Amino acid sequence: MGRSGRSKLTRVELSGLPRKPHGCPAEVQRSWARFRATHESVARLFDTLNESRAAKDDPRGAISELHLDQARAAIVFTAAGIDACLRTLLRDALGTLLSQDGPAHGAFTRHFFTHRLGGELTRPTKKAVVALDPRAALIDLYVEDLTGASVQGWKQLARCRDALGIDGPALTDDVLRTHQDFFNARHQVVHELDLVDPSGRGSRSRRPRDLTAVGQQCDRALHVMYDFIAPTAKAVKAVLRSAGRERRA
């Protein structure tokens, strides 16, 4: 992530883009494209930050507010990309994953019986049930329940993991919990304008941010998204194979 060049400037960088899942199915293609585009955008932003700092007379001096704003922008770009990528993955893959009994279908059933079908039905639930394509409408409702206005914490990541019926060493609760610092930073930048005292009372100042730490947070947050994409591609292909209809985009 951070490496020193001839100027002794510690560069802020993302690690390389992972390899696209082999035989990536159509249900994962759009999510992969969003992941790749986010990685490229954040990488370019860090390149601009590094070049700007290197152009200073003393690149090892105090970090300017301009450079801190570039780091804050990287946090926002990364969070927006994760949100778009995960929503797309859920919407595109769940239709196939829910076509067979398994972990994804079990999570889907539990969610609706617990949160949507007990007691008086809400208007959105009723509209989904009587839609021309009820399954698609229910999946849209499910995705909204899982992600809310945006993905803002590790618990939402865990719910999305369970909804997709995937697992892996990078998707355990303990590992996902370690990404909460990134989501906290995103909340501070977007909702508090990165102010130390967001209440508006007393003196306020912008939070200092360590550029290397921001680079590491963004890199880890992006790669957890890949940790969703790869096993989902594998799960979708398994369903398609068992149904005799494997296909690729």
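Predicted model: local features only at pLDDT ≥ 70, side-chain atom pairs only at ≥ 80, totals over all residues.

Trainee: What is the volume of the largest pocket, and how do its lining residues divide by class?

Mentor: The volume is about 200 Å³. By class, the lining holds four nonpolar, two polar and four charged residues.

Trainee: Let us turn to helix pairs. How should I read the angle between α1 and α2?

Mentor: The general idea is that an angle over 145 degrees counts as roughly antiparallel. Helix α1 (residues 26-54) packs against helix α2 (residues 65-97) at an angle of about 175 degrees, and their axes are 7 Å apart. The two helices α1 and α2 are therefore roughly antiparallel to each other. Their contact comprises 13 nonpolar, 11 polar and five charged residues.

Trainee: At what angle do the axes of α1 and α9 cross, and what is the handedness of the crossing?

Mentor: The axes of α1 and helix α9 (residues 211-242) cross at roughly 165 degrees and come within 10 Å. On the cut-off already given, α1 and α9 are therefore roughly antiparallel to each other. The crossing of this pair, α1 and α9, is left-handed.

Trainee: Which residues of α1 and α9 meet?

Mentor: On the α1 side, the residues include W32, F35, F46 and L49; on the α9 side, L222, M225, Y226 and I229 are among them. The contact of α1 with α9 divides into 15 nonpolar, five polar and two charged residues.

Trainee: How does α2 pack with α8, and at what angle?

Mentor: Here another range is needed: angles of 65 to 115 degrees count as roughly perpendicular. Helix α2 and helix α8 (residues 180-191) pack at about 115 degrees, with their axes 9 Å apart. That makes α2 roughly perpendicular to α8. The crossing of α2 with α8 is left-handed.

Trainee: Which residues form this contact of α2 with α8?

Mentor: From α2 come R72, I75, V76, T78, A79 and I82, which meet F182, A185, R186, V189 and V190 of α8. By class, this contact has eight nonpolar, one polar and two charged residues.

Conventions:
Residues numbered from 1 in each chain as written. Heavy atoms only, no water. Axes fitted to C-alpha atoms, helices over the stretch in contact; angles between N-to-C directions. Helix = DSSP H or I, 4+ residues; strand = E, 2+ residues; numbered from the N terminus. Parallel < 35°, antiparallel > 145°, perpendicular 65-115°, else oblique. Nonpolar A, V, L, I, M, F, W, Y, C, P; charged D, E, K, R; others polar. Left-handed = near helix turned anticlockwise from the far one by under 90°. Contact = heavy atoms within 4.5 Å. 1 Å grid on protein atoms, 1.4 Å probe; cavity = no way out; pocket = protein on both sides within 12 Å on 5 of 7 lines; lining within 4 Å. Points joined across faces, edges and corners; volume = space filled by probe spheres on them.
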